[in-house]
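Take a look at the sequence and the 3D structure below. Keep both in view as you read the report.

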Amino acid sequence: MGCDRVMIIETLSTFPHMYDSVMGSSMMRIAQEKGLLDFCAYDLRDWTHDRHRTTDDDPYGGGAGLVMKCEPIYEAYQAITGIDVGLPPVQLTGNEQPTTGPAPRHANGLRPKTVFLTPCGCVFDDACAAELAREERLLFVCGHYEGIDERAYELADYCISIGDYVLTSGELASMVVIDAVVRKIDGVLGAEGGALDESFVEGLLEHPQYTRPAQFMGREVPDVLLSGDHAAIARWKREQALQRTAELRPDMLERASLTADDLKFLKTSFG
Ligand code: ADE
């Protein structure tokens, strides 16, 4: 990851305005202002041809809800990326219209890593965020309703779930993933290395943090943090991270890389 690189992130969904607030605020906005992120939310309905701009239909075999159709997704993918996916030329019937909407910004044949958001995907974690952050271009395809026609998944490089629950919208899930990815791009976070010294990267939860005032309603900031003794502070932070992880997420300790000192501390504190 170099500071001079621009990551292209595009989304394809039926509610592109959902991105306005998240991608227009805070670090996501700053990443774009700094020229580190080029973000664009496409409206899948721009690649439909009927008057109602239909993107879903009844499921074959019956069942509740509607399924997202694969033709608009393939048409959109081809237009957004400039990659020929073998679609036959669209034959419009009497009532149908050609596609509408803005011309895609990067229809240059650069193949994006394509991410489908679905509760059936692999559960997203920090390692996955780091992997995606190394890519030049990401395209997120977000479903609504009961799901997406299985044939659309042939375009997927990744199927990602953000957890074992079902949302009404893949857009929300994609925003979680995009936020976790973008903050890992070099230069996005202010403090150098800020994205490294935190929960999950080292396989531990982060130590507690404090800021002014040193006393608040009788609660004091731990003395060691005011001591100026950098070695003692570093040791305290590590032990707090170990303690918190042991108490709240013991499963993480099994995968963390622990030093001999860490193991000694855990043995003394937790037996
Ligand atoms: N769409 C609906 N629920 C989801 C989830 N948990 N993760 C990703 N996409 C989803």
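## A three-stranded sheet

In this predicted model, three strands form an open sheet with mixed pairing. Their order is β3-β4-β7. Which strands sit at the edges? They are β3, residues 56-57, and β7, residues 147-148. Each of these edge strands pairs on one side only.

Strands of a sheet pair through backbone hydrogen bonds, and the pairing is either parallel or antiparallel. In which sense do β3 and β4 pair? The sense is antiparallel, over two bridges. Strand β4 covers residues 67-68. Find Asp57 in the model, then look across from it: Val67 of β4 stands opposite.

## The ligand and its shell

Now turn to the ligand. Which residues surround it? Start with Leu117, Thr118 and Pro119, which are among them. The shell also includes Ile160, Ser161, Ile162 and Gly163. Tyr165, Val166, Leu167 and Ala173 belong to the shell as well. By class, eight of the shell residues are nonpolar and three are polar. None is charged.

Two strands, β5 (113-123) and β8 (158-161), each supply at least two residues of this shell. The largest share comes from β5, with three residues.

Look next at the backbone around the ligand. A backbone N or O atom of Ile162 lies 2.9 Å from a ligand nitrogen. For Gly163, a polar backbone atom is 3.2 Å from a nitrogen atom of the ligand. Leu167 also takes part: a backbone N or O atom of this residue lies 2.9 Å from a ligand nitrogen.

## Two domains

The protein is divided into two parts. Domain 1 runs over residues 7-182, and domain 2 over residues 197-270. How far apart are their C-alpha centres? The distance is 40 Å.

## Aromatic pairs

A pair of aromatic rings is described by the distance of the centres and the angle of the planes. How many aromatic pairs does the count give? The count comes to three.

## Backbone details

Which two residues does a cis peptide bond join? They are Arg212 and Pro213, and omega is about 5°. Pro213 is found in the loop between α5 (170-182) and β9 (215-216).

Ser26 has a phi near 50°, a positive value in a residue other than glycine. Ser26 is found in helix α2, residues 26-33. Arg53 is not a glycine, yet its phi is positive, at about 55°. Arg53 lies in the loop between β2 and β3.

Note on methods
Residues numbered from 1 in each chain as written. Predicted model: local features only at pLDDT ≥ 70, side-chain atom pairs only at ≥ 80, totals over all residues. Heavy atoms only, no water. Near = heavy atom within 4 Å. Polar contact = N/O pair within 3.5 Å; in protein donor to acceptor, adjacent residues only side chain to side chain. Helix = DSSP H or I, 4+ residues; strand = E, 2+ residues; numbered from the N terminus. Nonpolar A, V, L, I, M, F, W, Y, C, P; charged D, E, K, R; others polar. Pairing = 2+ DSSP bridges. Domains from an automatic or database assignment. Phe/Tyr/Trp six-rings, centres within 6.5 Å; stacked < 30°, edge-to-face > 60°.
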